[in-house]
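Please look at the sequence and the structure before reading on.

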Amino acid sequence: MKPLLALTPDELRAAFAAADVPAFRAAQVARWLYAQRVRDFGAMRNLPAPLRDRLAGEWSTRSLLREAVHDAADGTRKLVLGTVDGARIEAVLIPEERRRTLCVSSQVGCSLDCSFCATGRMGLGRNLHADEIVDQALHAAELLAEEGRALTHVVFMGMGEPLLNLRNVVQAIRVLTHPEAFALAPRRITVSTAGVAPKIAELGRALPVRLALSLHAARDELRDVLVPLNRRFPIAELLEACAAFPTPRRERLSFEYTLIAGVNDSLEDARALAALAAKARAKVNLIPLNEHPGTRYRRPGEARMEAFLAALAGLGVTATLRRARGDDIFAACGQLGARADARAAPPSPAHDFR
Ligand code: SAH
């Protein structure tokens with residue numbers, strides 16, 4: 001069976017044409033799938049019955065199975081989705097006043113092993129296929145439709161490093177932005193990277209999406225420890241790649257900076273970060289560390305985080321302190337892949353792996 005969600009509606013037209021199916025049938029199928037969220041060919045009433053049977057025998061419209069949906073107190077919903085080969089991935093739906101953002105995974109696990117991230121501890125399973133990325137959005141759209149809402153933004157900030165799976169990520173974004181599919185404007189899609197410098201340019205050439213860089217440290221010695229990929233692509237090289245990324249004038253690059261107590265949260269760190277942000281014309285998203293059973297790092301106190309934020313602002317940097325979303329269901333940044341039932345584990349010192 002061929003995965004239909006891997007194709008843009010234009011590519012589906014071409015595939016249908018090659019199989020002597022009239023081109024307008026592709027538009028009809030796309031409408032059922034993306035506008036009505038009907039996956040079952042048998043229910044696509046305006047297709048002739050023989051065609052429905054034929055398509056059902058050749059094409060699959062479901063690449064992931066919904067295994068569970070966990071609801072956090074703040075409205076965040078974590079979707080646990082199973083792949084055909086038995087892997088499990090997660091996507092997180094974050095409702096805000098005027099947006100419904102989906103945080104998608106690009107890989108099963110991750111190869112990068114950032115020292116504070118739960119996903120890195122799993123190692124890399126495999127890259128997700130384009131249709132598996134698109135299906136995360138379709139599952140989210142199905143949930144949202146129950147409340148009469150639609151998806152407005154997609155961020156590649158779930159499990160995995162999107163730039164190490166660039167081909168599938170780009171193809172998925174083509175479907176997400178296609179007017180007959182999800183029709184999301186490319187600027188509503190953010191690709192976040194731990195810093196695969198050579199692939200940043202490639203992404204920039206492919207699509208006008210937004211770029212976020214997971215910086216977390218403003219000096220190489222520290223970044224080498226937090227984000228081991230830094231040993232291959234150090235900060236200066238990353239900033240060069242970001243400077244060449246085609247960000248429109250009115251928009252900014254984003255730096256993600258996870259605040260970790262006693263590690264990267266001093267005022268000196270803030271000054272070094274501000275210097276880099278000014279140079280790169282970047283805004284800074286501060287993320288309070290989400291603690292999880294696999295890390296000995298701790299979140300700084302509220303006052304310390306506010307002081308860090310104020311220091312950046314005082315130096316003229318646009319910065320926000322992101323409120324953790326969904327941490328009670330292990331859906332927050334860096335918690336994907338940490339077992340949801342880990343909550344039941346006894347508190348520290350069992351939590352502490354030192
Ligand atoms: N691999 C990509 C996409 C993942 S995005 C990247 O690194 O950008 C997930 C974001 O959450 C990254 O900025 C990551 O560094 C951050 N993160 C990871 N673990 C975290 C944790 N425990 N607390 C807060 N943020 C974390």
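The model is predicted, so local features are reported only at pLDDT of at least 70 and side-chain atom pairs only at pLDDT 80 or more, whereas totals for chains, interfaces and linings use all residues. Residues are numbered from 1 along each chain as its sequence is written, and side-chain values rest on heavy atoms, with hydrogens and water left out.

## The ligand site

The ligand is surrounded by 22 residues, and the closest are Phe116, Ser192, Ser214, His216 and Asn290. By class, the shell holds 10 nonpolar, 10 polar and two charged residues. In this classification Ala, Val, Leu, Ile, Met, Phe, Trp, Tyr, Cys and Pro are nonpolar, Asp, Glu, Lys and Arg are charged, and the others, Gly among them, are polar.

Strand 10, strand 12 (253-259) and strand 13 (282-288) each contribute at least two residues to the shell. Strands (E, at least two residues) and helices (H or I, at least four) are DSSP runs numbered from the N terminus.

## Two residues with positive phi

Aspartate 20 has a phi near 60°, a positive value in a residue other than glycine. Aspartate 20 lies in the loop between helix 1 (9-18) and helix 2 (23-35). Is aspartate 20 buried or exposed? Aspartate 20 is exposed, because its relative accessible area is 73%; exposed means over 50%, buried under 20%, and partly exposed in between (1.4 Å probe, protein chains only).

Alanine 183 also has a positive phi, of about 55°, although it is not a glycine. The loop that holds alanine 183 runs between helix 5 (166-177) and strand 10 (189-193). With a relative accessible area of 45%, alanine 183 is partly exposed.

## Side-chain contacts of buried residues

Threonine 61 is placed in the loop between strand 2 (59-60) and strand 3 (64-71). Threonine 61 counts as buried because its relative accessibility is 8%. The side chain of threonine 61 reaches the backbone oxygen of arginine 39 at 2.7 Å.

Asparagine 168 is part of helix 5 and is buried, with a relative accessible area of 15%. A polar contact of 2.9 Å joins the side chain of asparagine 168 to that of asparagine 165.

## Pairs of residues in sequence and space

Alanine 118 belongs to the loop between strand 7 (107-109) and strand 8 (124-127), and its relative accessible area of 6% makes it buried. Glutamate 142 lies in helix 4 (residues 130-145) and is buried at 17% relative accessibility. Threonine 190 is found in strand 10 and is buried, with a value of 13%. Glycine 337 is in the segment after strand 14 (319-321); at 29% relative accessibility, glycine 337 is partly exposed. The table gives a C-alpha to C-alpha distance for each.

| Residue pair | Separation in sequence | C-alpha distance |
|---|---|---|
| Alanine 118 and alanine 23 | 95 residues | 46 Å |
| Glutamate 142 and leucine 259 | 117 residues | 35 Å |
| Glycine 337 and leucine 211 | 126 residues | 24 Å |
| Threonine 190 and proline 3 | 187 residues | 25 Å |

Methods
A residue is near a molecule or strand if one of its heavy atoms lies within 4 Å of it. A polar contact is a pair of N or O atoms within 3.5 Å; within protein, one must be able to donate a hydrogen and the other to accept it, and residues adjacent in sequence count only if both atoms are side-chain atoms.
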